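Have the model open beside you as you read.

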Amino acid sequence: MPSAAVARYYAYKATKAVELYRPIMYLYFASAGLSFFQITVLEAAYNVTTVLGEIPTGYLGDWLGRRNGLIVGTSTIALTLLGLGLAGGLDESLTFPAFLGLYVCWSLGYTFRSGTEDAWLYDSLVGDGRSFSDLRGRGESFALAAGVVAAVVGGYLASADLAYPFYAAAAVTGVGALILLTVDDDGDDPADRTTLSASLDAVRAAFADRRLRSFLVLYYVLFAAATYLAFIFLQPRIETVAAGYGLGDVETLLGWYYGAISLVAAAVTYRAEWIRSTVGLRSWFLVVPLAVGLLLVGQWVLPVSAFIAFVLVRGLSEATRVFASQYVNDRIDAVGRATALSAMSMVSGLAVVPFQLGSGLLSDAVSPGVALAAAGAVLFVGSVVVHLLSVPVDE
C-alpha cells in the first residue's frame, strides 16, 4: 500500500490528466470563429511564453518551495480553463485577443509545474526503497487512466456544448490545487531555498556536462519536438483518415480514440520501472526515437496505420518522458534542481517553434500527414547522427 503522501501525489496526478477538452480543443476554437492561422499563432505564443517563462518560474519554484510553486501553477491553469470556456461566447472581435492572453497564462501555469513537479517528487517522495521511475511511472499511469475516462466524457460533453469540457476540467484542476494544500513538502526547508546565483550555477553545471548536452539534443530537441507535432496534428489527421473510411461522428470518435491512447500510455508507464531495469536506459533511448520516427513516416505511407501509430507514439513518449526526467535528475544537484529542469524544458520549447512553423507551412501546402512524416524523418536521421557522434546515455 502506498503511503498517504504518495497516495495524494497519485490523486494530484489524476486531476492533472482530466483534460476533458483535449479531444475537441481545436474544433472548439474553430467554432468560436478562429482561423487555422490564428490557432497556430496561439500555439506559437504558448511556446514562446514557455521559452521566456521556464527559467523565472523554475527559479520561483525553487524560491517559493516546490509544493507552493505547484499550487500557483495549478491554480493558474484552473482559472485559465474557466476563461477559455467563457471566451468562446465573446463578441468575435474580442475572441482572438482573449484566447491569446489566456494562452499566455496557460503556458505560465504549466511552466510553474514543468520542472517544479519532478524536483518536488525527487526531493520529497523518493527514498525508503522507492525509486523515482517507479513513483513517476505509476503516477503517470494513474493519471493516464483518469485521462481515459476524461476523454470519453469530454467527447459526450462536447456533443452538448463545446465549452462544457473546459468548465469541467477547470473544476477538476481546482481540486488538484486543494489536494496540494494537504501535502507536506519534506524536501522544502526554507533555509535550503536557492538564490538566483546558485540556481544559475546549477543550470551552467548541467549544460557543461558533455553527455547531458547530447542527451538534450536527442530528447529535448528531436524527440520532444517530433512527438509534440504528432499530438498537434493528430486531430486533423485522424479526421481525414476517418472520413476516407466513412466512419461516424468525429467528436465522439475522437473522445473514444483519445481514451484508447491514454489507456495504452497508462499501461506502458505503469511498468516503467520494470522496463527501465529490463531494457535499460541506453537501449531504450537508442531504439525508441528510431521507432517513433518510423511510425510517423509510416502513417503517411499507409494511412490506415495512423490509428495504431498515434497510440504507440503516445505510449512510448510518456514512458520516455519518465526515463528522461530520471536520467537528468540523477545528474544534477538538489540545489537549483527546478531551475535546471526548467532550463531543459526551455530548450525544448525553443526547439519546437521552428518545427511548428515549418510543419504548419508544409501542412497548409500539402497535408498534415506529410508534415508528420517529415518530422518523423528528421527524428530518425537526427537520432542516428547523435548516436554516431556521441554516447548520449550513460547507464
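Helix α12 (residues 272-279) packs against helix α14 (residues 306-329) at an angle of about 70°, and their axes are 10 Å apart. That makes α12 roughly perpendicular to α14 (under 35 degrees counts as roughly parallel, over 145 as roughly antiparallel, 65 to 115 as roughly perpendicular and the rest as oblique). This is a predicted model, where local features need pLDDT of at least 70 and side-chain atom pairs count only at pLDDT 80 or more, while totals for chains, interfaces and linings use all residues. Residues are numbered from 1 along each chain as its sequence is written, and side-chain values use heavy atoms, with hydrogens and water left out.

**Helices α12 and α14**
- α12 and α14 cross in a right-handed way (the near helix is turned clockwise from the far one by less than a right angle; anticlockwise is left-handed).
- On the α12 side, Ala 272, Ile 275 and Arg 276 make the contact, and on the α14 side Val 322, Phe 323 and Gln 326 do (contact means heavy atoms within 4.5 Å).
- By class, the residues of this contact are four nonpolar, one polar and one charged (Ala, Val, Leu, Ile, Met, Phe, Trp, Tyr, Cys and Pro count as nonpolar, Asp, Glu, Lys and Arg as charged, and the others, Gly among them, as polar).

**Helices α13 and α16**
- Helix α13 (residues 281-301) and helix α16 (residues 368-389) cross at roughly 155°, and their axes come within 7 Å (axes are lines fitted to C-alpha atoms, for helices over the stretch in contact, and angles run from 0 to 180 degrees between N-to-C directions).
- The two helices, α13 and α16, are therefore roughly antiparallel, and their crossing is left-handed.
- Residues in this contact include Phe 285, Leu 286 and Trp 300 of α13, and Gly 369, Phe 380 and His 387 of α16.
- The contact of α13 with α16 has 16 nonpolar, six polar and no charged residues.

**Thr 173**
- Thr 173 sits in helix α7 (residues 164-181) (helices are DSSP runs of H or I, at least four residues, numbered from the N terminus).
- Is Thr 173 buried or exposed? Thr 173 counts as buried because its relative accessibility is 8% (buried means under 20% relative accessible area, exposed over 50%, partly exposed in between, with a 1.4 Å probe and protein chains only).
- Beyond neighbours within four places in sequence, Thr 173 touches Thr 15, Thr 74, Ile 77, Ala 78 and Leu 81.
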